[in-house]
Amino acid sequence: MDISALLTSAGINIAICVVLVSLYSILRKQPANYCVYFGRMLSCGRVKRHDPIWYERFVPSPSWLVKAWETTEDEMLAAAGLDAVVFIRMVICSIRIFSVVAVVCIAFVLPVNYYGQKMVHKEVHLESLGIFTIENLHQRSRWLWVHCLSLYIISSSACALLYFEYKSIAKKRLAYISGSASMPSHFTVLMRAVPQSPEQSYSETVNKYFTNYYGPSYLSHLMVYRDGIIQRLLSDAERMCQAIKHVSPDLSCNPSTKSCTFCGPAPTNSFQILSNEPDSVRKLELGELTLSTTEEERPVAFVFFKTRYDALVVSEVLQTPNPMLWVADLAPEPHDVYWKNLKVPYRQLWMRRIATLVGAVAFMFVFLFPVAFIQGLTQLQTLSKNFPFLRDLLKERFMEQVITGYLPSVILVLFFYAVPPLMMYFSTLEGCISRSKRKKSACIKVLYFTIWNVFFVNILSGSVIRQLSVFSSVRDLPAQLAKALPAQAGFFMTYCFTSGWAGLACEIMQPVGLIWNLIAKVIIKNKDDSYATLRFPYHTEIPRLLLFGLLGFTNSVIAPLILPFLLIYFFLAYLIYKNQIINVYITKYESGGQYWPVFHNTTIFSLILSQIIALGFFGLKLSTVASGFTIPLIFLTLLFSEYCRQRFTPLFQKYPAEVLIAMDRADEVTGKMEELHNNLKAAYSQIPLCSQESSKAGEGCSPPCSEQELPDSEQLKPEKDDLEADYEIWGFRRNKSIHELEVKSCPSGSPSRYSPGFAEMYKRTT
């Protein structure tokens, strides 16, 4: 690939970004689109929309950038939780690291690569990308010490920044634990694989066991029940009510003539009022249902203890000589519980993990075919040879640049849209007991899949297509990666344009939500402003961020021309993701910052991989001095990684007993312990009472939500203090699992029409 093809791809993606961001700046001001671009703020139910002056709504403005830039970390922590802050810290850490890398490599490595051989250079736009890579240096070049020294500077600065960031995030993690004194999960242990007894029920078995062995600390327990007919009927009734609500905004069920855009006006009334049911059914309240009479017990229980320390001890010890019985884990938060997987027998989990591993590996191998096809597009000579009918088309300069520079990365990005939903499905099959663990597991799977297919498979398949030798042993791996990587530098740059720049523009534009909102208002003619409150897609965005970090490290001394483009991506990501977290995504559950070890470990892996590839290249260039100095650097980086693993990682895996004991003593002194004990059963009830739900209606909204305002003319003003948006059913969003979306109704309907407990029950049992 030459510079002109690279510039063509960059120009196309820059034009896409400018158009989409300008459209976003206009569309976000339209009152009909508030539910798409301000879902988190509207979900609080305490705001109303103020229409701006008409001409201001059609003029792009950068005010949202200023708002995102001025948002502080404390505001984000209060609004979106620790996971959102950790993600933004990942972006900031990447900016800091690659700012140092870009300065060093652009100032020193790139000129050495460009003038590595004595030759007559063409104009820059006519040059080949190989001129800017380390491949342009001849063997035994005396300038290779520049690359070795740059590698030391990059590694030392990256390790220093990672250490200080890890230390800072660990402090935030401890503050998160100590600041969550009212969390019921600290007192709760999830007990699975309860043995079955023919003489007594599961509930009696649990009570007898914990009274016998943990009598002084045992408080009570709550069994998990199988879905019953009444619970399914309640779920169906709530979904039917929501469907009727979407067709007719009037919840009074009066006869109406609802028209359709395509079918015309309805000839008869859309709905008719049926005769009233008997009073015994009509007056049945959700709180009157008793699970013991309507459900079947499962061998799973939430066991409550008097102190946090007691629950921690029980979750850490082996209960019986048989590890497959009485399996104890600290319970997730009530909003974080994935109820569907609690019904999976514990003895099946190991088989499910093996099956999902086999399925993920098989899918990785199936994905080799589109990647190999994409690599064929980047090789112009091979493409002309295999497809003779394209020869005339490829003779045109512009078409050649588009096909080789822009089209391959676009095709790869389109294929990758199928990966996150499938990995989320695999993580669900594994049997994760919490939604945050399921998303983290999907994040790791997508990360492995992305690194393998985008980096390794592209390099190896490109090497095969160009008829280069593929390594036959592990010792050949550094040399073969070093030989093949410079040829793929152009593809990685175009992938940064397409998946990075254009991907961020699509993220802020929310095209699927916009289209869905248009369909609801124009075709279905739904006058009710229903909106979907989305969860932040950590399982897609963290792997993308880490992939670009991997590309930056591995290309830093090999092909440093990619570094300015990566820096642009990280700066855009910082502004756009902050805007989305503030306005669009809502936090109902979080992992407490457990994504940071994933970022740290992957960054260390990328750093070590870059050192190994540089070692292979120094060997190809027959530079024994540079090779000799690189080997100790690899071992020093491994030692740093092990130190961080011992020093910080346990804080993200377990709770410190000292902190929990201090919290217990503080609650006993202030007299809050009894109140916490009284709320435990209500928090983990499968069918929450109406009164309980109404008292918790505002939990999904962050405290500062009512104080935030839409930027510019989109001001939010108080409307009804007692109005709450609690109705969570289902939604639609590209590349997100259906379990991650919950449709909320705007405050047009009366909350007294039906119980909010229906929606919560449906979410937990489907």
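**Close-ups of a predicted model**

**View 1. Gln 510 sits in a loop between two helices.** With a relative accessibility of 2%, Gln 510 counts as buried (under 20% relative accessible area; over 50% is exposed and in between is partly exposed, using a 1.4 Å probe and protein chains only). This is a predicted model, in which local features need pLDDT of at least 70, side-chain atom pairs count only at pLDDT 80 or more, and totals for chains, interfaces and linings use all residues. Residues are numbered from 1 along each chain as its sequence is written, and side-chain values use heavy atoms, leaving out hydrogens and water. The loop runs between helix H23 (489-509) and helix H24 (511-523); helices are DSSP runs of H or I with at least four residues, strands are runs of E with at least two, and both are numbered from the N terminus. Gln 510 isn't a glycine, yet its phi is positive, near 50°.

**View 2. Leu 622 is another loop residue with a positive phi.** Here phi is near 60°, again in a residue other than glycine. Look for Leu 622 between helix H27 (596-620) and helix H28 (624-647). Leu 622 is partly exposed, at 38% relative accessible area.

View 3. Is Thr 450 buried or exposed? It's buried, with a relative accessible area of 6%. Its side chain reaches the backbone oxygen of Val 446 at 2.6 Å. Leaving out residues up to four places away in sequence, Thr 450 touches Phe 416, Phe 455, Pro 543 and Leu 547 (contact means heavy atoms within 4.5 Å).

**View 4. The largest nonpolar core has 148 residues.** A nonpolar core is a set of buried Ala, Val, Leu, Ile, Met, Phe, Trp, Tyr and Cys residues joined through side-chain atoms within 4.5 Å. Among the residues with the most contacts inside this one are Phe 87, Met 90, Phe 455 and Trp 596. Helix H6 (residues 82-114) gives the largest share of this core, 20 residues. Beyond its neighbours within four places in sequence, Trp 596 is in contact with residues including Val 86, Met 90, Tyr 166 and Phe 652.

**View 5. Stepping back, here's the whole chain.** Its secondary structure comes to 33 helices and eight strands. Of the 766 residues, 55% count as buried. Among contacts with a separation of 6 or more, 83% are between residues 24 or more positions apart.

Key:
Polar contact = N/O pair within 3.5 Å; in protein donor to acceptor, adjacent residues only side chain to side chain.
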